[in-house]
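Me: I'd like to learn how to read a few features of a protein model. Could you take me through them?

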Amino acid sequence: MANETTLTLVGNLTADPELRFTPAGAALCKFTVASTPRAYDKGTGEWKDGEALFMNCSAWREMAENIAESLVKGSRVVVTGRLKLNRWKTPEGENRQAFQLDVEEVGPSLRYATAQVNKLTRTGGGAPAAPSGEANPWETNGGDEPPF
């Protein structure tokens, strides 16, 4: 959609991602990312932590399941998504609001870690089938190396 606020956030998961399923069977994963800015204090010669930002994030469907299987509390991640403001009333009648990030992409931060990426094979509705007689360019050759 036009004029949406997109945000990229780097930080650590505050807890294991929580995976739920809607009554229709769609997966929903919720997690919180803590991002703490750091600044060098020339006077003391030390790094100082700033005020932490805690961002609630939600992802849907296959990405939700992949997040729940791949990430754990403390994982350093890079998350991109659409910033959304939720408003509600408490049972006591108080107005509340909170920001949430609707996740479009998420991955591990490789600044202080390494990762092994495993491409999933789709069983329908994924990559289009190759025309008859042609090889599928997304298939691996014997599983040893990607086709590119």
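This is a predicted model: local features need pLDDT of at least 70, side-chain atom pairs count only at pLDDT 80 or more; totals for chains, interfaces and linings use all residues.

Me: Which residue in E5 is the bridge partner of arginine 38?

Reply: Residues are numbered from 1 along each chain as its sequence is written, and side-chain values use heavy atoms, leaving out hydrogens and water. Helices (H or I, at least four residues) and strands (E, at least two) are DSSP runs, numbered from the N terminus, and two strands pair if DSSP finds at least two bridges between them. Here, arginine 38 has aspartate 49 in E5 as its bridge partner. Strands E4 (residues 38-41) and E5 (residues 46-49) run antiparallel, joined by 4 bridges. They form a hairpin with 4 residues between them, and glycine 45 in the turn has a positive phi of about 75 degrees.

Me: Which residue other than glycine has a positive phi?

Reply: Arginine 61 does, with phi near 55 degrees. Arginine 61 lies in helix H1 and is exposed, at a relative accessible area of 55%. Buried means under 20% relative accessible area, exposed over 50%, and partly exposed in between (1.4 Å probe, protein chains only).

Me: Which residues touch the most other members of the largest nonpolar core?

Reply: In soluble globular proteins, nonpolar side chains tend to be buried together. A nonpolar core is a set of buried Ala, Val, Leu, Ile, Met, Phe, Trp, Tyr and Cys residues joined through side-chain atoms within 4.5 Å. The largest one here has 16 residues, of which Phe31, Val33, Cys57 and Val79 touch the most other members. Two or more residues come from each of strand E1 (6-13), E3, E6, helix H1 (61-70), strand E7 (76-89) and strand E8 (95-108). E3 gives the largest share, 4 residues.

Me: What is cysteine 57 in contact with, leaving aside its neighbours within four places in sequence?

Reply: Contact means heavy atoms within 4.5 Å. With those neighbours left aside, the partners of cysteine 57 are Cys29, Lys30, Phe31, Val33, Val79, Leu101 and Val103.

Me: And serine 58: buried or exposed?

Reply: Serine 58 counts as buried, because its relative accessibility is 5%. This residue lies in strand E6. Leaving aside neighbours within four places in sequence, serine 58 is in contact with residues including Leu28, Gln100 and Asp102.
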